[in-house]
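Here is a friendly tour of one chain, written for someone who likes to know the cut-offs behind each term. Please keep the viewer open as you read.

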Amino acid sequence: MPPKVSYPRAGNQYMFFPDTPSLDKLAIMEACLAGFLDVRRAHQLFNDAMEDPKLCYLLDTKVHNTFLRAYIDYALHIEQQGDAADFWRSQFWALYKKMSTKGYHARPNANTYTIMLFGIMNSHDMPHDDRMTFTIKLLKSMEANKVALSDVVDQTLLTGESGKDLLEILSESAKQTGSRTQVLKKLESIGIVPASEPDLLEGVPEVKTQTKRRVVKKEVDGEEVKVEVFETPYNLGILKDNLKLITESRSSLPDDIVQRQKMLEETAYDSALARFKHEADVFKDLELGGNLTNRSLQAWMWDWH
């Protein structure tokens, strides 16, 4: 008889083939959460499972989201009965903080952010500044994880008085994250806020810049020929690009004058830097830039400036 072949068991086989007791514990958690049957026991089982190497890998983002929603819903349920729910609210924020930790196996997804926005709008005791700060962090996290706002915000989140508060917080927070345009488009598409006023420059044809005639040499069929081309002068081209950014800022930040002024200053700096590099390349091609790198000359130019 041929010898029996034994295959060593991988140390992480439970990640792909969980055993029956592990699946039973997950089922017990789900049963305890249903109808708030025994949320405290489910919470204890969840914490124990996080320390169990056989179970922690089964607690994916979906399971975490289930507990996030259970914590905030149970807190609201207790408060409606007139009791304090500080413990369950603290568990709600602590679990999201753990999910946001770099390298954590259960990363936030669109449903996670929806639940967190629901928690924000149902945290009436939280100061306005704290709600703003946390919403800004949420929006930045969404951008980092490439989660679209359209997948997070839905009609149910923005109804009632709490929905109006959330709408205000979203709009204000978006100014500091660069996603204001996306926020407003989403809110307008679902009819929550009125569409912005039409841009006065909309429909105005773009100004055609002056072109400069230049003759360049090109190789055609192995022969060098002269070809006439028309190109926009460098200074006009960079000015055109600068004005385009300013025009776009009028539509994306219509009521944020400070941010538009900041963008204007940044584009002016970028244009000056690009022009400096262009002039340096031209001087190098003309072999006129050798002395400009002299330290004494640079020091004199700095003092003069």
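## Confidence and overall layout

The chain has a mean pLDDT of 76, and 70% of its residues reach 70 or more; pLDDT is the predictor's confidence in each residue, from 0 to 100. This is a predicted model, in which local features need pLDDT of at least 70 and side-chain atom pairs count only at pLDDT 80 or more, while totals for chains, interfaces and linings use all residues. Residues are numbered from 1 along each chain as its sequence is written, and side-chain values use heavy atoms, with hydrogens and water left out.

One stretch calls for care: over residues 192-196 pLDDT stays under 50, and the model has 10 contacts for them beyond four places in sequence. A contact here means heavy atoms within 4.5 Å. Where pLDDT is low, the predicted coordinates should not be read in detail.

The secondary structure comes to 11 helices and two strands, arranged along the sequence as α-α-α-α-α-α-α-α-β-β-α-α-α. Helices (H or I, at least four residues) and strands (E, at least two) are DSSP runs, numbered from the N terminus. Of the contacts with a separation of 6 or more, 58% are between residues 24 or more positions apart. Buried residues make up 31% of the 305 residues in the chain. The classes, found with a 1.4 Å probe on protein chains only, are buried for under 20% relative accessible area, exposed for over 50%, and partly exposed in between.

Which residues of H4 are buried? They are Trp88, Arg89, Gln91, Phe92, Leu95, Tyr96 and Met99. These residues cover an arc of only 155 degrees around the axis, which puts them on the same side of H4; the arc is that of the directions from the helix axis to the C-beta atoms. An α-helix has 3.6 residues a turn, so residues three or four places apart point the same way. Asp86 and Lys97, on the other side of H4, are exposed.

The buried residues of H4 pack against helix H2 (39-51), helix H3 (61-80), helix H5 (110-121) and helix H6 (128-144). As for length, the 14 residues of H4 (residues 86-99) should span 20 Å at 1.5 Å a residue, and the end C-alpha atoms of H4 are 20 Å apart, which agrees. The expected span is 1.5 Å times one less than the number of residues in the helix.

H5 has 12 residues and reaches 17 Å from its first C-alpha to its last, close to the 16 Å expected at 1.5 Å a residue. Of the 12 residues of H5, 11 are buried, so H5 is largely enclosed by the rest of the structure. Among them are Tyr113, Ile115, Leu117 and Phe118.

A nonpolar core is a set of buried Ala, Val, Leu, Ile, Met, Phe, Trp, Tyr and Cys residues joined through side-chain atoms within 4.5 Å. The largest one has 47 residues, of which Phe46, Phe67, Leu68, Leu117 and Leu138 touch the most other members. Helix H1 (20-33), H2, H3, H4, H5, H6 and helix H7 (160-174) each supply at least two residues of this core. The largest share, 10 residues, comes from H3. Not counting residues up to four places away in sequence, Phe67 touches Met29, Leu33, Ala42, His43, Phe46 and Leu95.

## Individual residues

The table gathers accessibility values for some single residues.

| Residue | Relative accessible area | Class |
|---|---|---|
| Cys32 | 5% | buried |
| Cys56 | 14% | buried |
| Leu149 | 2% | buried |
| Ser271 | 16% | buried |
| Phe36 | 30% | partly exposed |
| Lys146 | 79% | exposed |

The structure holds zero disulfides, a disulfide being a pair of cysteine sulfur atoms within 2.5 Å.

Leu149 sits in the loop between H6 and H7. Leu149 and Leu139 are 10 residues apart in sequence and 8.3 Å apart in space, C-alpha to C-alpha. Lys146 is also placed in the loop between H6 and H7, and its phi is positive, near 55 degrees. Phe36, in the loop between H1 and H2, has a positive phi of about 55 degrees although it is not a glycine. Most residues other than glycine have a negative phi.

Ser271 lies in helix H10 (residues 257-285). Leaving aside neighbours within four places in sequence, Ser271 is in contact with Ile238 and Asn242.
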